[in-house]
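Thanks for coming, everyone. Today I'd like to walk you through a model, so do have a look at it before I start.

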Amino acid sequence: MTAPVLEVEGLRVEVESTGVDIVDEVSFEIAAGEVLGLVGESGSGKSTVALALLGHTRRGARIAGGEVRVDGRDILHRRPPELRALRGGTVSYIPQDPASALNPALRIRTQLEEILAAHRYGGRDRLQEMLAEVLLPHDDAFLRRYPHQLSGGQQQRVAIAMAFACRPRVIVLDEPTTGLDVTTQAHVLATVRHLCDTHGVAALYVSHDLAVVAALATRVAVMYAGRIVETGRERVLFRASAHPYTRRLVEAIPEVSGRHALEGIAGTAPRPGQRPDGCFFAPRCSFAVDACVEAFPPVERVGDRHDVRCFRHTEVLATAARARRPAPELPAADAESVLIEVRGVNAAHGDRQVLFDVDLTVKPRQCVALVGESGSGKTTLARCIAGLHRNFDGELTLRGSPLPAGARARNRETRRELQYVFQSPYNSLNPRKTIGQIVGQPLRLFYDLGYRDAHDRIASTLERVRLSPSVMPRYPHELSGGERQRVAIARALAAEPTMLVCDEITSALDVSVQAAIIDLIAELQREMQLGLLFVTHNLALIRTIAEEVAVMSGGRIVESGKVDDVLDAPQDAYTRALLADTPSMEAALAAAEA
Amino acid sequence: MSQATAPAVPVVQRVRRRRPIVLLLRRAWRLTRTKVGVALVLLLLGIAVIGPLFAPYTADEFAGTPYEHPSAHARLGTDGLGHDVLSRFLWGGRSILGLSAAATALGLVLGVTIGLLAAYSRGRLDDLLMRLMDVILAFPSIVLALVAVATVGPKLWLLVLVVGLTTMPRVARVTRGASLEIVERDYVQAAEAMGEPRLKILSGEILPNVTSPLMVEASLRLTYAIGLIAGLSFLGFGRQPPAADWGLMINENRLGLTIQPWGVVMPVLAIVVLTIGTSLIGDGVARASAGIDPRAGAE
């Protein structure tokens, strides 16, 4: 093992005004050419750590202790001009959203030249080289473009080119593929991997997506509530994790290769200032004993470069990784009858046609998954069915009777039967209404209930989505993302629908929360005998929940059929490419072991 | 997850159950500027509302000879007609505060209604309403007010109406701007899909989410209304003598400024303090809602 390029020791970042720790006791090191994956759920402090490597914090926070060294030289205690020279030169950063990282008013050439000029690095031909490295066209025409003339993947490549421009020693990638399609993501990941290898860069790859990390990283650090709870080689960590949290996290990952039940982790991670004494995971941990709530466990070495913070690691390691349970059987759909039928639908946004001659059928009690990348038209189709997109022609029927375009043209009964759950729970709940008011809205519109009855119905609906009725007087901002999505689901269920359209309902959520939500939706579908249209970009989810799948690309349905048939023996070239690019932890681990 | 592993999701126990708008005002209150603003406005409000109870004379009683210097029986001297300056000052705040508050309220109601309708309807109605607002905006408000008052005569309701109407387009712009983004939110879409009546969408889904910018705008508009009403009554289009009014007082006493300055100084000071107070409050709320001032704390 060569000397580490980057060493972080006892890093502590706290809230400036209160001194409450955001992250603390964070230590790790990365060698040249090594990619360390830093995984954790939202709020775990992984982005805070990433920024601290550049000597930076978000507004209102400050680095309160610890050391960050690059090639043995400390970088935290420097004056601003030195720090500026360091950033982009020695340590560089690739942000999550390239669209907001590139200046929309400047040409690509200007922005690339800027970074070279700032660090007095390279000449004119370096520009071409940089673009060639990230497999972008490097002619003048491309350099003359503005960021908005590039695709999301190209923008991210430009950001990567800029990050690698001055041959940095350390590179920090903060969820760089979150907004990208799987195909683009696969290409970007390959580029990053290649560049780190060739130039011996130490990379920190921050992500919430364990499957991506498994494919890219050589070692992985797992963060929970501001602490690193486990570090180890990716194979060891995912196959034989010594920390209960890592185990549960792995079990929550949807896997494209098999039909597993997804298991969420009950409860929520404690926020800064609300962290308990002792181990932060203890309240949610099935291994917890008395010692766990008394003191925070120290770092212990359990294997070759495998560190863990858990008093019970021997017990955890002794327990064989649970074989993943298969998902429960899907309810049998009525073979004959049809709930929703879409025939030859063409839809447009303004003048641009986005759906071409689309056919789709959902039977009663059947879950159909609609899969596609962003821009494939899947959301538009879902919105046509829900009456939120009116600009279409073609046939749309509910149990044989035609559905008018636009919800307001439909009758009350139809609007009640067809409910829609939106993608982001941060956007779909009115922040100025209480949970009770939100869930009560469909009751007010579709049922004439007295105050008492309505109250009871809201309470029982909340219980159905596993929320305590005590949340009724609360406002959405008081709930976590997963809880908010449960409220959104409760609002749809309160109408007692027969057909539920779920549009990417887990894409804004953490994996452990996603697992719980998927599990809930599957169970509710069985219980309430719902027809379900499950729109998603994530192929890995659909085996768990859906019976049939329709794959969309460019506004057309390119392949449809039974889920197992389509995923095991895809007929269409696009489906095959999509499957190949979907990150799979099993596949990544198998490849690493081979 | 089967029944065995499906416990009720525990919700964070220590919650502060407060309406979002209350949270905003609390954060604004943490800023010194808000406190100073509130103190100033309360001071002036106190003078205008309960001041008359302490006035030694009525507004039109004669207390001595014209332009007397301050003395024991006229603490701030007398004005050009021999009225007690202190008494007229204490009596003269009600009209200006009442009129500007009424005018601002009128402007807010009209402006918010138009702004919401424009943002929600889009299309032709939006264009029609907003171009109409632009036309009103094109005239300087004081000119518009002068034209109206010159035609109809100095009536108080007209003052409120005119100042309210000139306030309306600015409020409408802000409301429309803030609402355009809200209209696109999924919760508005959800209400649409369920067939919630449109009026209910405007009042229940959109309006409550634009209150923060509206509060800022309201205090700014109040500041302008105070200035405009004071100016109009200075020009003689407000309350008519012998009634007391701060704007009117400045005009009445400006000729004696060099002999007996208090008749001008006091109302000017009052108007200045009042406008600074309202704009400080507006600024405090704006800073708290934008989250740019760390002293206000985060959400």
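This is a predicted model: local features need pLDDT of at least 70, side-chain atom pairs count only at pLDDT 80 or more; totals for chains, interfaces and linings use all residues.

Residues are numbered from 1 along each chain as its sequence is written, while chains are lettered from A and ligands numbered from 1 in the order in which they are written.

Let's begin where the chains meet. Chain A brings 40 residues to the contact and chain B brings 27; contact here means C-beta atoms, placed from the backbone, within 7 Å. On the chain B side, helix α8 (residues 186-194) gives the largest share, 7 residues. Helices here are DSSP runs of H or I, at least four residues, and strands are runs of E, at least two, numbered from the N terminus.

Now the inside. The largest nonpolar core has 262 residues. By core I mean buried Ala, Val, Leu, Ile, Met, Phe, Trp, Tyr and Cys joined through C-beta atoms within 7 Å, and buried means 20 or more other C-beta atoms within 10 Å of a residue's own, with C-beta atoms placed from the backbone. Among the residues with the most contacts inside this core are A:Leu204 and B:Ile229. Helix α10 (residues 211-234) of chain B contributes the most to the core, 14 residues. As for A:Leu204, its contacts include A:Ile30, A:Leu53 and A:Val172, leaving out residues up to four places away in sequence.

Next, helix α2 (residues 32-54) of chain B. How far apart are its end C-alpha atoms? They are 31 Å apart, which agrees with the 33 Å that 23 residues should span at 1.5 Å a residue; that expected span is 1.5 Å times one less than the number of residues. There is a kink of about 40° at B:Ala48, shortly before the proline B:Pro52. The bend is the angle between axes fitted to the seven residues ending at a residue and the seven starting there. Buried residues in α2(B) include B:Leu40, B:Leu44 and B:Ala48, and the buried residues pack against α1, α3, α4 and α12 of chain B.

Helix α7 (residues 156-183) of chain B has a kink too, about 30° at B:Met168, shortly before B:Pro169.

Finally, chain A has an open sheet of 4 strands, ordered β2-β1-β4-β5 with antiparallel pairing; pairing takes at least two DSSP bridges. Strands β1 and β2 share 6 bridges, and A:Glu14 has A:Asp21 as its bridge partner.

Terms used:
Two residues are in contact if their C-beta atoms, placed from the backbone, lie within 7 Å. A residue is buried if 20 or more other C-beta atoms lie within 10 Å of its own, exposed if 12 or fewer, and partly exposed in between; C-beta atoms are placed from the backbone.
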